[in-house]
Amino acid sequence: MTQLGFGLAALGRPEYLTVGHSAAVDGRFDPAALEQLCHAVLDAAWDNGVRHFDAARSYGLAERFLGSWLSRHPNRRDNLAIGSKWGYAYVADFQRGAEVHEVKEHSVERLAEQWPQTCTSWAEHPITT
């Protein structure tokens, strides 16, 4: 069986390298609007059988958005797999037109910094080690 996964990179921040991203979010660039859009897309993905999600630290607020979606659907947590990656930091701070959006650093120090941040992002659905 082939599993399909869904990445939240373009849903967790107001600008992304995807062609047509601004049109896809329909000019809704503030965090609350992007969170609503992310939840709608997550609902559609779930309804279509997607059970693997990817939300990394460099995806802006994607981890928080996924966590808040899970808070609304606590029964789904045990039925999905969540992937992430470390070493990239989102640095644009939701500023459209930022010269730099993410910075890559694959070091032990970056992992030590990002792991607790990721765990904290899950609010009522913490990741346990």
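I take a crossing as left-handed if the near helix is turned anticlockwise from the far one by less than a right angle, and as right-handed if clockwise. By that convention, I recorded that H2 passes H3 in a right-handed crossing.

**Entry 1. Basis of the notes**

I worked on a predicted model, in which local features need pLDDT of at least 70 and side-chain atom pairs count only at pLDDT 80 or more, while totals for chains, interfaces and linings use all residues. I number residues from 1 along each chain as its sequence is written, and side-chain values use heavy atoms, with hydrogens and water left out.

**Entry 2. Overall layout**

I counted 4 helices and 5 strands in the chain. Helices (H or I, at least four residues) and strands (E, at least two) are DSSP runs, numbered from the N terminus. Read from the N terminus, the order of elements is β-α-α-β-α-β-β-β-α. I then looked up burial: of the 129 residues in the chain, 40% are buried. Buried here means under 20% relative accessible area, exposed means over 50%, and partly exposed lies in between (1.4 Å probe, protein chains only).

**Entry 3. The sheet**

I found 3 strands forming an open sheet in the order S1-S2-S3, with parallel pairing. Strand S1 (5–7) and strand S3 (81–83) are at the edges with a single partner strand each, so one side of each is left without a neighbour in the sheet. On average, neighbouring strands of this sheet are turned by 20° against each other, direction ignored. Two strands pair if DSSP finds at least two bridges between them. I noted 3 bridges between strand S2 (residues 52–54) and S3, which run parallel. Asp 54 has Gly 83 in S3 as its bridge partner. As background, strands of a sheet pair through backbone hydrogen bonds, either parallel or antiparallel.

**Entry 4. Aromatic pairs**

I applied the following rule: rings of Phe, Tyr and Trp (its six-membered ring) pair if their centres lie within 6.5 Å, and planes under 30 degrees apart count as stacked, over 60 as edge-to-face and the rest as tilted. The count by this rule is 3 aromatic pairs. Phe 6 and Phe 53 make an edge-to-face pair, at 6.5 Å centre to centre with 80° between the planes. Phe 6 lies in strand S1 and Phe 53 in strand S2, so this pair ties together parts that are 47 residues apart in sequence.

Which residue lies over the face of Trp 46? I found Arg 51 there, at 3.5 Å from the ring centre. The criterion is NZ of Lys or CZ of Arg within 6 Å of the ring centre and within 35 degrees of the ring normal.

**Entry 5. Helices H2 and H3**

I looked up the crossing itself: the axes of H2 and H3 come within 9 Å and cross at roughly 60°. Axes are lines fitted to C-alpha atoms, for helices over the stretch in contact, and angles run from 0 to 180 degrees between N-to-C directions. H2 and H3 are therefore oblique to each other; angles under 35 degrees count as roughly parallel, over 145 as roughly antiparallel, 65 to 115 as roughly perpendicular and the rest as oblique.

Helix H3 (residues 62–72) is mostly covered, with 8 of its 11 residues buried. Among them are Phe 65, Gly 67, Ser 68 and Trp 69. Leu 66, also in helix H3, is buried at 0% relative accessibility. The C-alpha atoms of Leu 66 and Gly 12 are separated by 9.2 Å, although the two are 54 residues apart along the chain.

I placed Glu 102 in strand S5, where Glu 102 is partly exposed with a relative accessible area of 33%. Its C-alpha atom is 6.3 Å from that of Ser 58, 44 residues apart along the chain. Ser 107 is found in the loop between strand S5 (102–104) and helix H4 (108–121). Is Ser 107 buried or exposed? I recorded Ser 107 as buried, with a relative accessible area of 16%. The C-alpha atoms of Ser 107 and Trp 86, 21 residues apart along the chain, are separated by 9.2 Å.
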